[in-house]
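Please look over the sequence and the model shown below before reading on. The briefing is meant for someone who has not seen this structure before.

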Amino acid sequence: MKKSLSLNAAMSAFKTLMNIIFPLITFPYASNVLQVENLGKVNFASSVCGYFLLFAGLGISSYAVREGSRYVNDREKLSAFASEMFSINMISTALTYAALAVTVLFWTKLHAYTDLMLVLSLQIFFTTIGTEWVFTIFEEYTYITIRGLLFQVLSIFMLFAFVKTRDDYCIYAGITVFAAVGANVLNFFRARRYCTIRLTRKIDWKKHLKPILIIFASTLATTLYVSSDTTILGILGTDYNVGIYSVAGKIYGIVKNLLSAVLVVSIPRLSHYAGVGDKANFNKLFNNIFNALIVVVAPAVVGLFALSREVVLFISGESYLDAVMPLQILSLALIVCLFGWLYNSCALLPCGREKELFWITLVSGLLNVGLNILLIPRFRENAAAFTTLLAELCSMMLCIRCSRGLVTVSADRRTVGSVLCGCAGIVLVCTGVKALALPNLICILAAVLGSVAAYAVILLGMKNPLVLEYLEKVKQKFRKTS
């Protein structure tokens, strides 16, 4: 069952890299064709549909990965468990569609978004039948990556073929759904390789429902500070404000997904160590991830902050320059977000601390909602970004506090010192390149390449332990193949 974490991390990183390249190709085109207001319409409707997608999914995916990992060597038990999870998910999906219909019917603001809501709601059904958690249990990141790449490429051709004017925003919404969950049809059939999934009435509600609902409540609370910004901005602001914020949020999301790749592939392995009580390996793996995040996240945050204006111009053009300030605020949120996610998904969740996780996310979510309602009417998209930063900071601090006793973290001084010096090098490179007044794309490329080179040289020169360790592994593999 066990696959190389290095391979998993590489495939997950490649997948998230494709998730970066895909919007880098599609989003600039879509934002320029649709313009700010229509882009804002799509993102507002998407944020509302996101809540219904959340209700349909409950906490099934996270719970299924955690519990299903125990049955990877027993097809019969896994099939029974998977059928229970699928049946619960189908019931929740049916109830969600009923709730969605009532909401669209009686919330008058949504009447102008009815077509968008119908299109975007398709994601709910295809997510349910996709049973993505089966492939996460078996660490099938190669399959997930190749499958996703195929549908993304198809989506790019569809975008350029069918989205021609600003009135084609419903078509654009449909293409985003196809890119996100169209491949789930393949999942439904491929899952038979690992287990037999069918609808069943034999569901152990007493065993499954409580932990599922606890995880769901935590996810819902998380959504309060992930998606409430866009929703409240759409209610209290305008489609223009949503359109501007969506650019900053899109860039923020792209970078966050890439940096979090190392976390996603580690969760099943951490859950396994926690399940069998292997505290030594659990602690060792957690610390490896912690130090890797320090090396990767810090330079990304510094670089994104320094090049925010250039990145916004490249992604969406001059009409979206108001997104620079929200993006700079969100770039700072990357640090607390990812380290909070580390303790959240790699410590509390694998160890079954759903209750603590729920209260953490509830407090953070309510803080975000309250601040959004208070600040958005005056500061608009800047307030939405700032409240996200505060909510992520609150979540991270509470997660660290609740993880005491579960894991012992030791940040290597040489790692931290070399990273800080490397980040100073990035600031100098970006400042120097921007002073040359180069064309925007050339400026970004020169700054990024120069920053990567400077950062690498500084880490090597200061003998960063993590970098030296991976270089040694590469050398050993090269010797074996030669």
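What follows is a short tour of a predicted model, arranged by topic.

The largest nonpolar core of this predicted model has 129 residues, and several residues described below, including Y172 and I251, are among those with the most contacts inside that core. The notes then turn to a pair of helices, to individual loop positions and to the cysteines.

**The nonpolar core**

- Within the largest nonpolar core, the residues with the most contacts are M85, M117, W133, V134, Y172, I251 and L342.
- One of these, I251, touches L304, V311, V312, I315 and L327, when residues up to four places away in sequence are not counted.

**Helix 7 and helix 8**

- Two packed helices are described by the angle between their axes and the distance between the axes.
- Helix 7, which covers residues 141-162, and helix 8, which covers residues 169-181, have axes that come within 9 Å and cross at roughly 170 degrees, so helix 7 is roughly antiparallel to helix 8.
- On the side of helix 7 the contact is made by F151, L154, S155, M158, L159 and F162, while helix 8 contributes I171, Y172, I175, F178 and A179.

**Burial in helix 5 and helix 11**

- Helix 11, residues 228-236, is mostly covered, with 7 of its 9 residues buried; the buried residues are S228, D229, T230, T231, I232, L233 and G234.
- In helix 5, residues 122-130, the buried residues are I124, T128, I129 and G130, and just after helix 5 the residue T131 takes a positive phi of about 40 degrees.

**Loop residues with positive phi**

- L58 lies in the loop between helix 1 (5-57) and helix 2 (60-68), and its phi is near 50 degrees, a positive value in a residue other than glycine.
- Is L58 buried or exposed? L58 counts as buried because its relative accessibility is 18%, and buried means under 20%.
- A437 is found in the loop between helix 19 (413-434) and helix 20 (440-461), and A437 has a positive phi of about 55 degrees although it is not a glycine.
- With a relative accessibility of 66%, A437 counts as exposed, since exposed means over 50%.

**Y320 and its surroundings**

- Y320 is placed in the loop between helix 16 (308-316) and helix 17 (324-348), and Y320 counts as buried because its relative accessibility is 0%.
- Which residues does Y320 touch, not counting residues up to four places away in sequence? Y320 touches S31, Q35, V36, L39, G243, I244, V247 and V312, and V312 is also among the residues that I251 touches.

**Cysteines**

- How many disulfides does the structure hold? The structure holds 0 disulfides.
- C421 is in no disulfide, and the nearest cysteine sulfur, that of C423, is 9.4 Å away.
- C421 is partly exposed, with a relative accessible area of 36%, whereas C195 counts as buried at 1% relative accessibility.

Notes:
Residues numbered from 1 in each chain as written. Predicted model: local features only at pLDDT ≥ 70, side-chain atom pairs only at ≥ 80, totals over all residues. Heavy atoms only, no water. Core = buried A, V, L, I, M, F, W, Y, C linked by side-chain atoms within 4.5 Å. Buried < 20%, exposed > 50% of the residue type's maximum accessible area, 1.4 Å probe, protein only. Contact = heavy atoms within 4.5 Å. Axes fitted to C-alpha atoms, helices over the stretch in contact; angles between N-to-C directions. Helix = DSSP H or I, 4+ residues; strand = E, 2+ residues; numbered from the N terminus. Parallel < 35°, antiparallel > 145°, perpendicular 65-115°, else oblique. Disulfide = S-S within 2.5 Å.
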